[in-house]
Amino acid sequence: MESMGDLATALDATGSSDPAPKSGGGGGSSDGARIAEVKAWLASQFESAGREVPEFEYTPRSVARLHAFASLSQARTRAATIVATDLRLKASEYRAQATRIREILERVGLAQEQLSPSAIASAQVIANVANLLNIRDTEMSSFVVAMGDLSLRKEDVEEKRAKVQKESKVLLEYTRRAIAKLNDLKKTLAKFENEVAMHEAQMLQWQKNLAILDSKERQYMLQLSNYKAILKRVGYTPEINHGVLMEMAEHRKELEKKTKPILDTLRSYQDLPPDKALAALAIEDKKRQYAAAEKYLEEVLHSALTTPEL
């Protein structure tokens with residue numbers, strides 16, 4: 001059976017819900033039967049609690065909820081009644097068995113009134129142990145089986161305990177290692193935090209250098225473009241490499257050696273006039289100068305030879 005607090009809560013919930021129009025037509029008889037069942041159930045529940053059924057509007061929604069609630073309550077009540085009947089039957093059987101056992105004990109002179117306090121205490125201990133071991137009787141075989149089962153459980157528990165202890169040791173070791181790593185990380189973090197200012201200054205310097213390098217890169221790229229344009233304009237091709245340039249330089253030196261005597265001869269004719277007659281006069285003048293120079297040289301040599309030694 002449900003409590004009155006649950007019923008009152010259900011009635012408040014159904015009363016506060018949005019009202020809906022009552023159904024009519026062909027479904028009126030079924031709705032009326034459900035309302036009658038709900039009213040009868042509410043009356044029985046509140047009557048058993050000594051209270052009156054509160055007033056509220058029977059809407060299709062509230063009737064549906066209360067009917068489901070009533071069906072669930074009635075099902076639980078029937079189940080509880082069946083269990084209670086079974087328990088009462090077992091209790092009567094146990095009482096009859098206890099009466100029969102008491103009569104047998106009285107016949108053999110083992111009634112509770114005839115036993116000593118120590119025997120009663122021992123019997124109570126045996127009963128408590130039997131209840132603790134969850135056995136149905138106090139036979140030695142039942143105790144042996146129960147103790148064997150208890151020993152198996154104990155061994156299983158000890159194995160599980162050893163396994164858990166082993167896992168606990170492993171987890172403890174992992175925890176210690178994790179704590180050690182955490183302390184190392186904290187020290188490293190503190191070290192990095194102390195070096196932040198220095199590294200920030202270094203980063204600023206690197207940023208400035210990077211900006212300068214970026215500017216230089218743009219400048220060099222512009223110069224490279226200009227040089228490529230110049231090379232393209234002068235007819236530079238990829239075939240003109242360093243080796244080819246060195247060969248051309250050697251060839252130029254050879255040509256300079258071959259043309260130097262010719263250039264010197266041509267330079268000697270630069271002082272000649274362009275006219276043939278003037279050139280002939282100039283040649284004659286040069287010849288006279290040459291002859292005068294030879295004569296002067298002969299006189300100097302002759303005078304040097306004829307001069308007596310002092």
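Local features were considered only at pLDDT of at least 70 and side-chain atom pairs only at pLDDT 80 or more, whereas totals for chains, interfaces and linings use all residues of the predicted model. Residues are numbered from 1 along each chain as its sequence is written, and side-chain values rest on heavy atoms, with hydrogens and water left out.

The protein chain contains eight helices and zero strands, where helices (H or I, at least four residues) and strands (E, at least two) are DSSP runs numbered from the N terminus. Along the sequence, the elements of the protein chain therefore read α-α-α-α-α-α-α-α. Of the 310 residues of the protein chain, 9% are classed as buried. Burial classes follow relative accessible area (buried under 20%, exposed over 50%, partly exposed in between; 1.4 Å probe, protein chains only). Helix α2 spans residues 28–48 and includes A43, which is partly exposed at a relative accessible area of 33%. The C-alpha atoms of A43 and V53 are separated by 6.4 Å, although these residues stand 10 residues apart along the chain.

A nonpolar surface patch of about 530 Å² is formed by I101, I104, L105, V108, L110, L115 and I120. Patches comprise residues with over 30% relative accessible area and no salt bridge, with like charges joined within 9 Å and nonpolar side chains (Val, Leu, Ile, Met, Phe, Trp, Tyr) within 5 Å. Helix α3 (residues 60–107) is the greatest contributor to the nonpolar patch, supplying three residues. V108, by contrast, is situated in the loop between α3 and α4 (117–133). V108 is classed as exposed because its relative accessibility is 55%.

Pockets were identified on a 1 Å grid over the protein atoms alone, as open sets of points where a 1.4 Å probe fits, with protein on both sides within 12 Å along at least five of seven lines; lining residues have an atom within 4 Å of a point. The lining of the largest pocket comprises 23 residues, with I101, L105, A123, A127 and T138 lying nearest its centre. Helices α3 and α4 are the elements that give two or more residues to this lining. By residue class, the lining consists of 13 nonpolar, five polar and five charged residues. In this classification, Ala, Val, Leu, Ile, Met, Phe, Trp, Tyr, Cys and Pro are nonpolar, Asp, Glu, Lys and Arg are charged, and the others, Gly among them, are polar.

Side chains of opposite charge can pair when their charged atoms come close. Six salt bridges are present in the structure, each defined by a side-chain nitrogen of Lys or Arg within 4 Å of a carboxyl oxygen of Asp or Glu. One of them joins D149 and R153, with an N to O distance of 3.3 Å. Both residues belong to helix α5 (residues 140–194) and are four residues apart, about one turn of the helix. D149 is partly exposed at 34% relative accessible area, while R153 is exposed at 54%.

Helix α5 also holds D156 and K160, again four residues apart, about one turn of the helix. The closest N and O atoms in the D156 and K160 salt bridge are 3.7 Å apart. D156 is partly exposed at 35% relative accessibility, and K160 is exposed at 51%. In helix α8 (residues 276–306), D285 and R288 are three residues apart, about one turn of the helix. Their salt bridge places the closest N and O atoms 3.5 Å apart. D285 is partly exposed, with a relative accessible area of 32%, and R288 is exposed, with 52%.

How values were computed. Areas by Shrake-Rupley, 256 points an atom, 1.4 Å probe, with all protein chains shown as cover.
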